[in-house]
Amino acid sequence: MWIMNKYRELSEELIKNYDINKFPKKIYLTRRNVKTRRILNEYELMKVLSKFGYEMISPEEYSLQEQFCMFYNADKIISILGSGLTNLVCSKETISILGIVPSIRLEDTYKYITNSIGGKYFEYIENNKKNYVYQNSYNKGNDFDFYISINDFKSVLDEFERC
């Protein structure tokens, strides 16, 4: 927990050097620039999220300092669970996270971090095995892309937006 507090302190200092209005309050972390675990119907998902005021962000397009500030300033973040969400440790206690979780790659790291900070954690789990497209049959846990059921996601999103 102390390391998370140190990252938040660092973010508080860094944000003094940036225009706070530059960083969105509602973020969707896209994986469009990576090779695996992408949402194949992401365009449809982003259309839904944009109606709720989410900005689509590729973390790798920002400096580490900007990422720290972005996570610190955000109120809500939606993301597939993965390394792009790691800077969650910089977030404030008021953060709400909606993790998009492939059922074939369940993990609780980001739930633990969110709960340790004092934030709220929600998740959408894609359970439909037909929605997975494997790139490498020897490494099914990492080498896949998937579709999500937009209608099922919307019901979780509605609950997330009410918090």
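Predicted model: local features only at pLDDT ≥ 70, side-chain atom pairs only at ≥ 80, totals over all residues.
Student: Why is serine 58 called buried?

Tutor: Buried means under 20% relative accessible area. Serine 58 has 1%, so it counts as buried.

Student: And how far apart are serine 58 and glycine 84?

Tutor: They're 26 residues apart in sequence, and 8.3 Å apart in space, C-alpha to C-alpha.

Student: Let's move to strand 4. What makes you say that the rest of the structure largely encloses strand 4?

Tutor: Seven of the seven residues, 96-102, are buried, so strand 4 is largely enclosed.

Student: How do you know that both faces are covered?

Tutor: In a regular strand, side chains alternate between the two faces of the sheet. On one side you've got Ser96, Leu98, Ile100 and Pro102, and on the other Ile97, Gly99 and Val101, all buried.

Student: Why do strand 4 and strand 3 count as paired?

Tutor: Pairing takes at least two bridges, so check the count against that. Strand 3 (residues 76-80) and strand 4 have five bridges, in the parallel sense. Isoleucine 78, for instance, has leucine 98 as its bridge partner in strand 4.

Student: What about strand 5?

Tutor: Strand 4 and strand 5 (residues 120-126) pair over seven bridges, also parallel. There, proline 102 has glutamate 126 as its bridge partner.

How values were computed:
Residues numbered from 1 in each chain as written. Heavy atoms only, no water. Buried < 20%, exposed > 50% of the residue type's maximum accessible area, 1.4 Å probe, protein only. Helix = DSSP H or I, 4+ residues; strand = E, 2+ residues; numbered from the N terminus.
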